[in-house]
Protein chains: 2
Amino acid sequence: MNPVHIAGVGMTKFGKSPKSLIEIMCEAAIAALSNSKIQDIGGLYIAAMNPEEFTGDGNLASHVADALGLTGIPALRVETASSSGAAAFHAAFQGVASACYRHVLVIGGEKMTHLTTSASTRILAEVIDAQERNCGATMPALAAMVTAKYRRKFRRSESQMERVLCAVAMKNHANGAHNPYAQFRQAITKEKYYASKFVATPLRLYDCAPMTDGAAAVILTAEQTDLAVRGIGQGTAPVSLCERESLASFPATRIAAKRAYQMAGISPREIDGAEVHDAFTPFEIIGSEDLGFFQPGKGGQAVESGHTAADGSLPINASGGLKSRGHPVGASGVAQIVEIARMLRGESTAKLKRQPQRVLAQSTGGLATNNFVTIVERVKEEARRAATPAPLTPQAPVPGAGKKQGLRAPIGAEGVIETYTILYTTPDGFLPPLALALIRDRKGSLVMAQGEDISGVKIGREVFLRQAAGIFYFTVKSHLQQVRVAMRKLLRKYTPQSEPSRSSDSAL
Amino acid sequence: MNPVHIAGVGMTKFGKSPKSLIEIMCEAAIAALSNSKIQDIGGLYIAAMNPEEFTGDGNLASHVADALGLTGIPALRVETASSSGAAAFHAAFQGVASACYRHVLVIGGEKMTHLTTSASTRILAEVIDAQERNCGATMPALAAMVTAKYRRKFRRSESQMERVLCAVAMKNHANGAHNPYAQFRQAITKEKYYASKFVATPLRLYDCAPMTDGAAAVILTAEQTDLAVRGIGQGTAPVSLCERESLASFPATRIAAKRAYQMAGISPREIDGAEVHDAFTPFEIIGSEDLGFFQPGKGGQAVESGHTAADGSLPINASGGLKSRGHPVGASGVAQIVEIARMLRGESTAKLKRQPQRVLAQSTGGLATNNFVTIVERVKEEARRAATPAPLTPQAPVPGAGKKQGLRAPIGAEGVIETYTILYTTPDGFLPPLALALIRDRKGSLVMAQGEDISGVKIGREVFLRQAAGIFYFTVKSHLQQVRVAMRKLLRKYTPQSEPSRSSDSAL
C-alpha cells in the first residue's frame with residue numbers, strides 16, 4: 001500500500017451561516033488549499049449526509065467541483081449518515097493509496113440551521129430502524145436508552161451518572177471556549193448543566209451536540225509531509241438497537257479501532273490524544289472504552305479525574321468536540337481530522353500539556369451503525385519544514401476557484417436562440433406546452449429562459465429577454481423586427497465603421 | 001497499482017417490483033456472490049442516487065450490510081446522481097487497488113416506480129442547475145435542447161434527426177427483447193416510434209429510458225479471474241448548460257474516456273463493444289462520438305448502417321441499453337458492468353457476431369456532469385476455467401445472508417424493560433412526555449415499544465405488550481402483579497421441577 005500523508009487542512013467557523021452549502025464547502029476547500037503547497041488536485045471526495053433534504057442540493061459532487069472552478073476533475077460524494085465525513089476521508093485515502101491519484105481534496109459539509117428542529121430531527125431520524133422510528137424514537141431517544149443501559153450495567157446511581165455526563169459537557173465546553181472555529185465558545189457551570197431541560201431522560205440539552213452549519217476540508221497526498229495517516233478502520237453494526245448484542249458499548253467502534261491499530265501496528269497506549277464523536281456526552285465515555293483507552297465502565301472516572309482534560313495525560317476532544325464545536329453532520333468526520341492535524345502541528349489553541357506525536361479520530365454514523373477510526377502521526381521536523389504552508393500568493397490556489405462566488409455578468413435585453421425544446425411533460429406548477437430555450441445575449445453569455453409562447457421558436461431566432469422573480473422570459477421578435485435586424489446587419493457589412501447599438505446592449 | 005479483477009456479477013430483473021429497495025439490493029448481491037467463489041467480502045460499496053427521497057431509506061450502507069447478514073463489514077454509499085453505480089464501482093476499484101481489501105462487493109439499486117412520474121421527475125430534476133430548474137427545465141428538457149443543438153451543428157434536417165433517433169430506439173428495443181433482465185422485451189416498429197407522443201421536442205416517449213426498480217452487483221477481487229478491469233476514468237463538467245463550451249458533445253465523457261484508455265494503454269479502435277448510457281436516445285449517438293468510436297456528427301450513420309447493431313462490427317447496447325433494460329438510476333452503472341461481463345464470458349443472450357475480447361461501459365451522471373468509463377478485458381481460457389463459478393452449495397454464500405428476509409420471531413405478550421427513556425422533544429405527531437423502551441420478551445427477543453403512560457417505567461420492570469398498526473405498546477405491571485411474579489420466581493427456585501407458564505409465553 002502506498003503511504004498517504006496530509007498536505008493541508010482547513011475549515012469554516014461552525015455556527016449559523018447565511019451562505020449556501022456549496023459556498024461553505026468551497027470556503028473550507030480554499031482554506032485547505034491555502035494551507036498546502038498543492039495546486040494540482042487529482043480527485044475530489046465530497047461528504048454530506050442528506051443535502052437533497054436539508055438544502056435541496058442534488059448531484060453535489062459535480063456542483064462543488066464546478067463551484068471550485070475545478071472543471072473536469074473526478075468528483076464523487078460519499079455517505080454513511082453522520083460519519084459521512086470520515087467515510088469520504090477513508091475513500092480518498094484509498095484513492096491515493098491505490099495510486100489512482102497523487103493529490104486529492106476531501107470536503108465535508110452540511111447546512112441545517114435554516115430548518116426547524118422538528119424538520120431536522122425528522123430527516124436525521126431517517127437513519128434509524130423503521131420500526132423504532134415508527135414508535136416515535138429519535139436519535140436522542142436511542143442515545144438516552146443506551147445511556148440508561150450503560151448506567152445499569154456498571155451499577156451507577158442516577159446521580160453518579162449525571163455527574164459523569166455533566167463532567168463531559170463541562171470539559172468540552174471549556175475546551176471549545178479556546179477554539180475559534182467552535183460554535184459555542186463559553187464554558188458552562190455545573191448549575192447551568194443541571195438547570196438545562198431534559199431532551200430524553202437521562203439526557204439534557206447540554207448532553208446533545210447542536211445541529212449547525214459548517215464545512216471542513218483535508219488534502220491527502222502520496223508525497224511525504226509532516227503528517228502521516230498511519231491507520232484507518234471502519235466497522236458496522238445492526239441498525240436496530242433490538243438486534244445488538246450489547247447496548248452499553250458500540251461494536252462498530254471496536255471493529256474500526258482494531259483495524260486501525262492493526263494497520264498502524266500500535267496499541268491504544270501509544271495514542272496521545274483523541275477526537276471522539278460526542279454527538280451525545282455518553283458517546284464520549286463509551287467511545288473512550290471501545291477505543292481501548294479505559295476498561296468498560298471506567299470511562300467516566302477518567303473524565304472526572306481530569307485524565308482526559310486538554311491538559312490531562314490523554315486529552316479527549318481538546319477542540320471542544322462535537323458538543324461545543326457543533327455538529328454539521330457531513331462535516332464532523334473531516335473537522336475531527338482538521339483538529340488532530342492542528343494538535344500534531346502544535347497549531348491547536350487547546351491548552352495541551354505537550355505536543356502529541358500520534359492522535360486518533362473516531363466518527364460515528366447513525367446510532368453507531370457505521371463507525372470510523374483514523375490514526376495520524378507527526379513525522380519529523382525536517383519533513384515538516386519542507387511542508388511549511390506555501391505563502392499566499394496573489395494567484396488563486398485553484399484555477400478559477402471561487403468563480404461562482406461572484407455574480408454572472410448581467411444578461412442583455414436581447415439575444416438569439418442557441419437551442420430550445422417544447423416541453424410536453426412539465427414539472428408541477430408549469431402548464432404544457434412550455435417553450436424553453438438557451439438564449440445567447442449580445443455579450444456571448446448563455447441563459448435559460450421560458451418562452452412567452454411557443455410560436456416561432458427556432459434555433460437562430462432573435463428574441464427579447466425580460467427577467468421577473470429570477471426567471472428569464474423570451475419573446476421571439478416579429479417578422480418585421482427580424483427583417484429590420486437582417487437589414488441592419490447588411491448595412492453594417494457594407495459600412496466599414498460599425499456603430500455600436502447601445503439600446504440593445506443595455507443590461508436588464 | 002494492484003490489478004483488479006471481476007469475480008462475480010448478478011442482477012435482478014428490472015421492472016416494477018413489490019420488494020423494498022434493500023430487498024432488491026440483497027437479491028442482486030446474492031446473485032453476484034453465487035456467481036463467484038468468494039465468501040469473505042472485505043468491504044461493501046453501495047450506490048443509490050437518492051434513497052432518502054425515493055423510498056425514505058437513510059443510512060443505506062449500514063442497512064444493506066445488516067440485511068445481508070454481513071454484520072461488522074465496512075460499508076459506504078457513493079453518489080454521483082445517475083452515474084452513482086459507476087462511481088461506487090470506481091471507489092471499490094480503488095479499495096482493491098490500494099490493497100485495503102482483497103474482495104469487495106459493489107451493489108447499485110434504486111426503487112422509483114411507486115412514485116408518480118411528476119414526483120420522480122421533481123426528485124430527478126434536483127440534479128440540474130437551480131436557475132434552469134426554476135425556469136421549468138427537467139432532465140428530458142435539457143436532453144432535448146442538446147439534441148436540437150446537435151442537429152443544427154451537424155446540419156441535419158428534422159426528419160433526418162428523427163430517423164436517427166428512431167434507429168437507436170428500434171435497435172435497443174430489438175436487443176432488449178433477447179435480455180431476460182430487461183424491463184421491455186418487445187421490439188418496436190417505426191410506426192410505433194413515430195406514433196409515440198413528444199415529451200420535449202424533438203424527444204418522444206420512445207427516446208427516453210423508463211424509470212424503474214432494479215439492482216445489480218459486482219464482486220471485485222485482487223485475485224486473477226477471467227475478467228480484468230483494465231482502465232477506469234471519470235470526468236466532470238459544469239452543471240449549468242449555460243456554462244458549457246459545447247452543447248453537442250459531453251466533455252465529461254471525453255475526459256473519462258481519455259483517462260480510461262490511458263490506464264488500459266489502448267485506443268478506441270481496440271474496443272469490441274460498449275454499453276453506452278442511453279437515458280435518452282441522442283446520448284447514445286453523442287456518447288459513441290465522445291468515446292472516439294466515430295467522428296463528431298457521424299454517430300447517427302453508424303446506427304443506421306447497422307454498424308452498432310448486436311451483430312454489427314461494434315455492438316453498442318447489445319443488452320438493450322437503459323432504453324429497454326430500464327433505468328433505476330443508482331443501478332444502471334453497475335448493470336452495465338454486469339452486461340459487459342456476460343458479453344465477455346460468452347454468457348450474453350445478445351445475438352453477437354463474435355465473443356468480444358475488450359468491452360467498455362460509459363455511465364452519465366446528471367446532464368452529463370459526472371461521467372465514467374470502465375474498460376474490462378477477457379483474460380485467457382486457463383484463468384477462466386480456474387474461475388468457473390462455484391457450484392451452488394446448500395450453505396448460503398454469505399454467513400447469515402438473507403436473515404432479514406425472514407420475519408422476526410413473534411414477540412411475546414409479556415416482557416421486561418431492558419432500557420428506556422422519557423422523550424421530551426418528540427417527533428411530529430407524538431406528544432411529550434413519551435415513554436419509549438426496549439422490551440425483552442420471554443424468548444429473549446428485543447422490541448422497541450411505546451409506554452401507555454410514563455409512570456413506573458424503570459429498567460427491569462415487568463410489562464404487558466400489545467401490538468397495534470405495527471407499533472408495540474407496553475404497560476408496566478402493577479405492584480401486586482410484580483409481587484406475584486417475584487413470588488412465582490421464588491417458588492420456582494425452591495421447586496426442583498420448573499413448570500412452564502404457558503399463558504405468559506403466548507404470541508401476540
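How many bridges join strand 13 of chain B to strand 14 of chain B, and in which sense do the two run? I started there, keeping in mind that this is a predicted model.

**Entry 1: around strand 13 of chain B**

I counted five bridges between strand 13 and strand 14 (residues 446-451) of chain B, and the two run antiparallel. One pair I noted is I439(B), which stands opposite V447(B) in strand 14. The two strands form a hairpin with four residues between them, and there I found G444(B) with a positive phi near 100 degrees.

Then I looked at the pairing with strand 12 of chain B. Strands 12 and 13 are joined by eight bridges, again written down as antiparallel. On this side I picked out V416(B), which faces R440(B) of strand 13. I also checked the cover: seven of the eight residues of strand 13 of chain B are buried, so I put the strand down as mostly covered.

**Entry 2: cis bonds**

Next I went through the peptide bonds. As a reminder to myself, most peptide bonds are trans. The one from P432(B) to P433(B) is cis, with omega near -10 degrees. P433(B) sits in the loop between strand 12 (414-423) and strand 13 (434-441) of chain B, which took me back to Entry 1.

I logged another cis bond from T201(B) to P202(B), where omega is near 0 degrees. P202(B) belongs to the loop that links strand 5 (198-200) to strand 6 (203-204) of chain B.

I found N317(A) in the loop between helix 12 (299-304) and helix 13 (321-325) of chain A. With 0% relative accessibility, N317(A) counts as buried.

A368(B) went on the list too, with a positive phi of about 60 degrees and no glycine there either. This residue is in the loop between strand 10 (358-363) and strand 11 (370-378) of chain B. Buried or exposed? A368(B) is buried, because its relative accessibility is 0%.

**Entry 3: P356(B)**

I looked up P356(B) in the loop between helix 14 (329-344) and strand 10 of chain B. P356(B) has 3% relative accessibility, so I have it as buried. What does P356(B) contact, leaving aside its neighbours within four places in sequence? I got D272(B), M343(B), L344(B) and R378(B). I also took the C-alpha separation of P356(B) and A335(B): it is 18 Å, for residues 21 apart along the chain.

**Entry 4: helices 8 and 11 of chain A**

I checked how helix 8 (residues 158-176) and helix 11 (residues 281-290) of chain A meet. Their axes come within 8 Å and cross at roughly 95 degrees, so I call these two helices roughly perpendicular. From helix 8, V164(A), L165(A), V168(A), A169(A), K171(A) and N172(A) take part, and they meet T281(A), P282(A), E284(A) and I285(A) of helix 11. Sorted by class, this contact has six nonpolar, two polar and two charged residues.

Helix 11 of chain A is mostly covered, with ten of its ten residues buried.

Strand 3 (residues 75-79) of chain B has five of its five residues buried. A75(B), R77(B) and E79(B) point one way, L76(B) and V78(B) the other.

What does strand 3 of chain B pair with in chain A? I found strand 3 (residues 75-79) of chain A, antiparallel over three bridges. E79(A) has R77(B) as its bridge partner. Within chain B, strand 2 (residues 43-47) runs parallel to strand 3 and is joined to it by four bridges. Here I46(B) has R77(B) as its partner.

**Entry 5: relating the copies**

Finally, I superposed chain A on chain B: a rotation of 180 degrees with 0.0 Å of shift along its axis does it, at RMSD 0.0 Å. That is how a two-fold axis relates copies. In chain A, S98(A) has the C-alpha nearest the axis, 1.8 Å from it. The same surface serves both copies, as 99% of the contact residues of chain A recur in chain B.

Conventions
Residues numbered from 1 in each chain as written. Chains lettered and ligands numbered in written order. Predicted model: local features only at pLDDT ≥ 70, side-chain atom pairs only at ≥ 80, totals over all residues. Heavy atoms only, no water. Buried < 20%, exposed > 50% of the residue type's maximum accessible area, 1.4 Å probe, protein only. Least-squares fit on C-alpha atoms with pLDDT ≥ 70 in both. Contact = heavy atoms within 4.5 Å. Axes fitted to C-alpha atoms, helices over the stretch in contact; angles between N-to-C directions. Parallel < 35°, antiparallel > 145°, perpendicular 65-115°, else oblique. Nonpolar A, V, L, I, M, F, W, Y, C, P; charged D, E, K, R; others polar. Pairing = 2+ DSSP bridges.
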